[in-house]
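Let's walk through this model together, one packing arrangement at a time. Have the viewer open and follow along.

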Amino acid sequence: MASVPSLASTLDQRITDALSAAVPEAGVVDPLLRRSDRADFQANGMLALAKKLKGNPRELAAKVVEGLPAGDVIKDVEVSGPGFLNITVADGAITRTLAARAADDRLGVPFKENPGTTVVDWAQPNVAKEMHVGHLRNTVIGNSVVRLLEFTGEKVVSRHHIGDWGTQFGMLIQFLIEHPHELDHKAEGDEAASGEEAMSNLNRLYKASRALFDSDEEFKARARRRVVDLQAGDEETLALWQKFVDESKIYFYSVFDKLDVEIRDEDIVGESGYNDMLAETCRMLEESGVAVRSEGALCVFFDDVKGPEGNPVPLIVQKSDGGFGYAATDLSAIRDRVFNLKADTLLYVVDSRQSLHFKMVFETARRAGWLTEGTTAVQLGFGTVLGKDGKPFKTREGETVRLVDLLDEAVSRASAIVREKAQDLSEAEIAERGAQVGIGAVKYADLSTSAARDYKFDLDQMVSLNGDTSVYLQYAFARIQSILRRAGEAKPVAHPELVLAPAERALGLHLDQFAATVAEAAEEYAPHKLAGYLYQLASLYTTFYDQCQVLSDQNAPELVENRLFLCDLTARTLRQGMALLGIRTPERL
């Protein structure tokens, strides 16, 4: 179905046409239309135009009003103050527009006019290491951005740049060679290891190998030789390295499953995936003069990047001992994503603290000609997860918080709330709803904050039924489903001939902004704008529910149908919006 023009876009076009007719010499003028608390909308564009033409803004505004077509959209227009237009929309226009949205499976959200290909780098855990609270944001934000982009028609390629290469693997592999049964976690015929078992094995092995590495010089020497074997592609070494990667994936997938996030195996391309490109990347940079040798290392220098004493701080692509740094891997990934995946946009969902590194990597790629004018590279930098005390989130012992523990605690608290409220739910349903509410609470707390800002991880607040929480939104959705179940023979039907109550108008005008909000959130990689819209929608619905009885014998049948229609469209909008955030909306709570 074609996209549904919003009331705002219809009004904008009509005022623009009236302005052009009133002042033809001005060309196309933006009427600066916005929502207003004095009317439904306010247009301020006459002030700037009158000033430019050295005219009277009130007179210009009056001319524009004369030129507006009388009809079915605008109920009333008044010239206010120095030359504002206050516009009230007809009730019938609101209902007709919402009926058009309701008739569309996408609720009137258009596809992008010129979609491209965006490679999104998100959810990047490290092999043989536990996922901690720091891995939460790049997973939750990345997942929502991917959903938003795909929904608006962009071709999205996910890349999970896992940490699967480096010197620590020499130590781990050598230990496994000398202690071959350390990863044998299942007897024949047993099921595969659970995520927790896989991580427990890896943790045990890491601690044992680290203890030996620190205490035994001969083992340390063997471990370092094993790194050389790994980098040289020795078959036995690579096979054992793959064992670590596979074991880690069992664990990763168990955590992502708990987070209700789908990660596809073909999208996992770790540091090791670019090994064959590293030498060529360095050769190309050196031959083009983009990188130069400095004290034996291959470096790229920048005029605006200086150290504390004013000395230039380079991007080190290859170390003086011949080893490759992170920069070589990141630059090789850019080459692959631009030339093989044909990306128009590269989006990196990465901690803000890495912004200098990515600024230097992107600039290097531009100088090398790998990022051209038609290709954009963006770091969607995110802030830190803080504890209630406003400091980086740690355990009481000062350790980094395990992500699994944090998610389990959220589900446990949510399950207690669901059990308390549940009237006709079985234990299995309570467990399922508890997971949906708990994980939704964690995701929403993250996504309702601008990515760039730090936020406090406060489970008490996250699972609250009041305030800006996903639980509040989920309960609004479940409440509507309950009303629709109790409606009996009455069905949701739009009745444009009816006069709307103030709470109905407010809800209807907000519902009409869904498509524009989704487009803006996708364009700006800003899930928090969608989260803010949905919270306001649930709040407006609560006011509507309090002020406008839906199922009442005293209501005319068409009034019941029209209010059921508003309920149904609100529920569909909540469900679609929450799905774009990666959050479930249970039908019963």
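The axes of α16 (residues 470-486) and α20 cross at roughly 140 degrees and come within 9 Å; axes are lines fitted to C-alpha atoms over the stretch in contact, with angles running from 0 to 180 degrees between N-to-C directions. In the contact (heavy atoms within 4.5 Å), α16 contributes residues including L473, F477 and I480, and α20 residues including L564, A571 and L574.

A word on the basis: this is a predicted model, where local features need pLDDT of at least 70 and side-chain atom pairs pLDDT 80 or more, while totals for chains, interfaces and linings use all residues. Residues are numbered from 1 along each chain as its sequence is written, and side-chain values use heavy atoms, without hydrogens and water.

Now for the core. The largest nonpolar core, with 150 residues, has I87, F244, F457, L530 and F544 as the residues with the most contacts inside it. Such a core joins buried Ala, Val, Leu, Ile, Met, Phe, Trp, Tyr and Cys residues through side-chain atoms within 4.5 Å, buried meaning under 20% relative accessible area with a 1.4 Å probe, protein chains only. Helix α20 (residues 557-581) supplies its largest share, eleven residues. Another core, of 30 residues, lies apart from it and includes L278 and Y348.

Finally, look at the open sheet, whose four strands run in the order β1-β2-β4-β3 with antiparallel pairing; strands pair if DSSP finds at least two bridges between them. β1 (33-35) and β3 (74-80) are at the edges with a single partner strand each, so one side of each has no neighbour in the sheet. Between β2 (residues 41-43) and β4 (residues 84-89) there are three bridges, and A43 has L85 as its bridge partner in β4. Helices (H or I, at least four residues) and strands (E, at least two) are DSSP runs, numbered from the N terminus.

Conventions. Buried means under 20% relative accessible area, exposed over 50%, partly exposed in between (1.4 Å probe, protein chains only).
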